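Hi,

Here is the structure I promised to pass on to you. Have a look at it first, then read on for what turned up.

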Amino acid sequence: MEPAFILAAFIGGFAALALRLPPLVGFLAAGFVLNVLGYRATPELEAFADVGVVLLLFTIGLKLDARSLLRREVWGTATAHMAVSVLLASVLIGVLRFAGLALLEGTGWRTLLLLGFALSFSSTVFAVKVLAARSESGSLYGRLAIGVLITQDVFAVVFLSTTSGSPPSPWALLLVLLVPAAPLLRAALDRVGRGDMQVLFGVVAALGIGYTLFDLVGIKGDLGALVLGLLLAPSVHAAPLAKSLLSVKDLLLVGFFLSIGLTGPPDAGALAVALLLLLLVPVKGALFTALFLWARLRARTSLLAGLTLSNYSEFGLIVGALAASQGWLSDRWLVVLALAVALSFAVSAPLNAAGESVYRAIGPWLVRRERADLLPSDRPIEIGDARAVVLGMGRVGCGAYDRLVGVHGIPAAGVEHDPATVARLREEGYRVVEGDATDSDFWARLSLDPEVELIILAMPHQRGNLAALDQLSEDGVSATIAGVVNHEDEIAELRRRGAHEVYHLYGEAGRALADDAVAHPGP
């Protein structure tokens, strides 16, 4: 690995952070600068990039409920959007060809459709990064966006597999045996515990099993990593595994973004075409928003999901690279696509950061276009006669709920953003509703009775607790508010925002342990 790659990536990422852009924009810019300076991608960098993408898809699979892909608002939106956007992009590029751009001379209809197909994808890497930075991966709009992206990725893998000149081997039918083998894989994950062995298990599962098996039978190995993640997702250790792989995956993805910038030297003509292609980015977002509204989702959910998907994708580059290797595209188009992807990230990042402001500006207009029969998961939230509300039904939240109901006899309701957790808790007898307390529109959907006397903030991230406090203050809620924090320096901030009681999780556990030990001395 060239030392210059590491230095350039750090400088680019640091500069992007200073400009309040995602670091990945800086990594892409660093790759272009390195290319101008004469550097080229090395086999080591390409290997880092490939492994990073494989681990990304594996971790997405770990967090995804496969049933969500079968929902009409996911597969229907992804399919309809791809069909329309391929046509729009092809028409736009065709118009540019007739305008006399040298890059488009001799471009036929097949090339136009290929470029439209490459530009129809939205970036999984970008969306995951943006949603994680906002702690909204579990929100409804975040799950919808990821579901659409996974569906698009499946389309891309099908294209790559069917046009690479080597159809899948007949042995590929044996891959269905992974389904009955999944319980064994999940049992192995449960046995390895946490720490180094958990990380190693994830790498082996993604690369040694998923990627390798699919690659051996002529199917894109990336799809194998995604499938292995999906098969492991029901395990209780799937989420901890994804968290353990986070740092490894993020580091390797730096190589991926650098490799995009190292594709080729940008010139004025390629930059001009890339800038013109940016005109399609807001059109992509508007089309996604309209399709989500048609699928019976609320205006806010539709808009934020559309903004998340308003960019071009790294998969477009993969499609372009394959087309170039088959002689269907010139190498210069790879540079155009790389520039378009990088510029779309730079445009989409501030748009997503200002998502709430955009919604406040055009929300009333969009609300008038909502369907009357909204999906159950996006309808107003009712909590009945509950006098206490617990926001976040993890271990701490469930413990608080049990204490309120079982010891103090106070009717309580829990709020949890993860649908699988909601379903499990309901089966166990908890009164719990699905909702994301960091979502400002959640509070507009929530019917909070004036009789509610206690609200407990038990979310795992300070950002969620602060967002809830701000909304409760704005709504003039008079209930007592208690919160729990992971770090002692977060206590003062919660108190300043209006929390009446704040507890340090580990400090309280330590005090309780010491008190019990003193009260019950050993023999």
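Let's start with helix α13, which covers residues 268-277 of this predicted model. Its buried residues are Ala270, Val273, Ala274 and Leu277. They span an arc of only 100° around the axis, so they sit on the same side of α13.

Searching the whole structure turns up three cavities of 30 Å³ or more. The second largest cavity holds about 70 Å³ of space. Two elements, α4 (72-98) and α14 (280-294), each give two or more residues to its lining. Which one gives the most? That's α14, with four residues. If you want to find the spot on your screen, look for Ser85, Leu88, Leu119, Val283 and Tyr312, which are among the lining residues of this cavity. By type, the lining of the second largest cavity splits into seven nonpolar residues, two polar and one charged.

One last stop: Thr42, in the loop between α2 (23-36) and α3 (43-63). Is Thr42 buried or exposed? Its relative accessible area is 15%, and buried means under 20%, so Thr42 counts as buried. Leaving out residues up to four places away in sequence, Thr42 touches Glu2 and Phe5.

Cheers

Definitions and conventions
Residues numbered from 1 in each chain as written. Predicted model: local features only at pLDDT ≥ 70, side-chain atom pairs only at ≥ 80, totals over all residues. Heavy atoms only, no water. 1 Å grid on protein atoms, 1.4 Å probe; cavity = no way out; pocket = protein on both sides within 12 Å on 5 of 7 lines; lining within 4 Å. Points joined across faces, edges and corners; volume = space filled by probe spheres on them. Nonpolar A, V, L, I, M, F, W, Y, C, P; charged D, E, K, R; others polar. Buried < 20%, exposed > 50% of the residue type's maximum accessible area, 1.4 Å probe, protein only. Contact = heavy atoms within 4.5 Å. Arc of directions from axis to C-beta.
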